[in-house]
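Dear colleague,

I am handing over the structure we spoke about, and below it you will find my notes on what turned up. Please read them with the coordinates open beside you.

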Amino acid sequence: MKKVIGGFLALFCISACGFEPLYAQREDTSGWYFSGNFDTSVTSEMAKVKVEPIAERFGQEVRNELLDLITPRGMPDKPQYRLYVTLRGKEVVQQALRRDITATRERVRYSVVYELVSSQNNEMLVRGDSVSFVSYDILANPYSTTMAQKKTQSDAAKIIANDIALRLGAYFHRELGMRGNY
């Protein structure tokens, strides 16, 4: 019973702090957010984004993740927006040094720059950067280390793609709210 009351109290506190769902429309300002109907205008607007090709293998992984997140039903026939993502850098730092000064762990920092551009007038709508920190162990078996590096790169691509998709969702949420679409 205490957990149920604590859960309701936590929900009440979250709602009082200005928390607002990203993909939902408030239908009545005096009641709960959801009346059983969901607004899909943000996801519909995001589905109009064409994700341009990104250089290098890491860029391909980021692009594939973005396609899954932003346009899960496929690329739009007539995109209203174009998303450009550029790999800014990859920085590898060795950690956990042994006595013979060989590393047993590496931390990798990937950073990208992205721009959302209107297809109609080439106006830049959103620009930002995204950073991901990931790490892996350097093992005695070179194959295991290579697989750990690939897994780490894949994880970093997912982190960056999620960050970009959330920021684009927030942009469209704000813009559609300003236009009065909800």
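This is a predicted model: local features need pLDDT of at least 70, side-chain atom pairs count only at pLDDT 80 or more; totals for chains, interfaces and linings use all residues.

Most residues other than glycine have a negative phi. Glutamate 56 is also exposed, with a relative accessible area of 55%, where the cut-off for exposed is over 50%.

A positive phi also occurs at asparagine 122, where the angle is near 55° and the residue is again other than glycine. Asparagine 122 sits in the loop between E3 and E4, and with a relative accessible area of 53% it is exposed.

As for the sheet, it is an open one of 4 strands in the order E1-E2-E3-E4, and its pairing is mixed. Strand E1 (49-51) and strand E4 (124-137) form the edges, each of them pairing on one side only, while the twist from one strand to the next averages 25°. Strands of a sheet pair through backbone hydrogen bonds, either parallel or antiparallel. Here strand E2 (residues 81-97) and strand E3 (residues 103-118) pair in the antiparallel sense over 15 bridges, and threonine 86 stands opposite valine 113 in E3.

Helix H3, which spans residues 56-70, lies across E1, E2 and E3 and runs at about 125° to E2.

Key
Residues are numbered from 1 along each chain as its sequence is written. Side-chain values use heavy atoms; hydrogens and water are left out. Two strands pair if DSSP finds at least two bridges between them. Helices (H or I, at least four residues) and strands (E, at least two) are DSSP runs, numbered from the N terminus. Axes are lines fitted to C-alpha atoms, for helices over the stretch in contact, and angles run from 0 to 180 degrees between N-to-C directions. Contact means heavy atoms within 4.5 Å. Buried means under 20% relative accessible area, exposed over 50%, partly exposed in between (1.4 Å probe, protein chains only).
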